Amino acid sequence: MKNIKDYNIEDLKQELIKLGEKSYRAEQIFKWIYIDNVTSFDDMTNLSLDLREKLKNNFSLCIFKILRKQVSKDGTIKYLFDVLDGNSIETVLMKYHHGYSLCVSTQIGCKMGCKFCASTGIGFERNLSSGEIVEELLAVERDEKIKISNVVFMGIGEPLDNYDNVINSIKIINNPKGINIGARHISVSTSGLVPMIYKLADENIQCTLSISLHATNNEKRSEMMPINNKYSIEELIQACKDYIDKTNRRISFEYALAKDNNDNLEDAKELVKLLKGMLCHVNLIPINKIDNGKYVKSSNENILRFRDYLNEHGITATVRRELGSDIEAACGQLRRKNLNQE
Ligand code: SF4
């Protein structure tokens, strides 16, 4: 059965017309799903019984089951959701002073093979549909009885490898008749799928693009991120410059610092050279240890020295607060799981 959450409002209008209904019903349905967050078509009480029956016969509401919920000592919450086909994914809720931020997964597993990331460890199963991505947010809002104000596409999976579904989910999340989270409060990350960066630049979506950079030369980056063998740093940086020219949007570069690997002053100097003059921000992330991972977190001293060097040389850099590492909810620690295998 079709997942009704896979449809943005324009496509849902077309579906309703096919069912012999007026298109404005889509707006009523959007309100029930995305504002009232109902879990049954029967709850949509301003729709006729006939329409509710039609909806039940043609669509599912795709309500995820919480398999596990872990709460970190810093308040971060990690969910393991049953996505209703035997697979599971993780979603992380972070509480900031400015509101709630949700890190959503976009694929079940990941093909990219980044060496510091647990998400790729047990391979790739399939893409999440746009409705499944949106349901991550709705399921958390139902459970915690909150409204989420920021969404980051940085969970399990490479968002731009599931391009169409990710873009459609942004349209749904962004729609003023529904969840209504402004595009500026939505970030999409990529390990560096260069053609998709060009494609994203052509969309009229004001979300923030976040590039997982992590190294400043091809040798080191290819070692950490195999995708670099396909799209070199030079091609990636050129795509970022073109993206900025076209959108006038600032790019965020993620740089996970690993001891004796990419955290010395020479790396900081190379990074300044690479990003000089670009409209960008660097997020420094103390690398998180994963099972079998070979990278070890940099010392605080090195992290601060790296940050200060960037700031002193014209590149705005901040160190990301580590949230949820005690429950393996931090960057690079998410993975699809089978509870029976633990
Ligand atoms: S860092 Fe992102 S792209 Fe790389 S393996 Fe992990 S989930 Fe995939």
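## Strand pairing around E9

Ser101 has Asn150 of strand E9 as its bridge partner. This contact belongs to the pairing of strand E6 (residues 99-103) with E9, which runs in the parallel sense over three bridges. The description given here rests on a predicted model.

Strand E9 (residues 150-153) also pairs with strand E10 (residues 186-190), again in the parallel sense and over three bridges. Within this pairing, Val151 has Ile186 of E10 as its bridge partner, and Val152 stands opposite Ser187 of E10. From E9 the chain passes through H5 to E10, and this β-α-β crossover is right-handed.

Strands E6, E9 and E10 belong to an open sheet of 10 strands with mixed pairing. The strand order is E3-E4-E5-E6-E9-E10-E11-E12-E13-E14. Strand E3 (65-71) and strand E14 (317-319) stand at the edges; each has a single partner strand, and therefore one side of each is left without a neighbour in the sheet. From one strand to the next, the twist averages 20 degrees.

As background to the strand descriptions, side chains in a regular strand alternate between the two faces of the sheet.

## The buried face of helix H2

Helix H2 covers residues 25-35, and its residues Arg25, Ala26, Ile29, Phe30, Ile33 and Tyr34 are buried. Viewed down the axis of H2, these buried residues fall within an arc of 135 degrees, so they line one face of the helix.

Just after H2, Asn37 takes a positive phi of about 55 degrees.

## Lys246 in helix H8

Is Lys246 buried or exposed? Lys246 lies in helix H8 (residues 233-247). Lys246 counts as exposed because it has 12 C-beta neighbours inside 10 Å, and the cut-off for an exposed residue is 12 or fewer.

The C-alpha atoms of Lys246 and Tyr198 are separated by 9.4 Å, while the two residues are 48 residues apart along the chain.

Definitions and conventions:
Residues numbered from 1 in each chain as written. Predicted model: local features only at pLDDT ≥ 70, side-chain atom pairs only at ≥ 80, totals over all residues. Pairing = 2+ DSSP bridges. Helix = DSSP H or I, 4+ residues; strand = E, 2+ residues; numbered from the N terminus. Axes fitted to C-alpha atoms, helices over the stretch in contact; angles between N-to-C directions. Right-handed = clockwise from strand over helix to strand, strands pointing away. Buried ≥ 20, exposed ≤ 12 C-beta atoms within 10 Å, placed from the backbone. Arc of directions from axis to C-beta.
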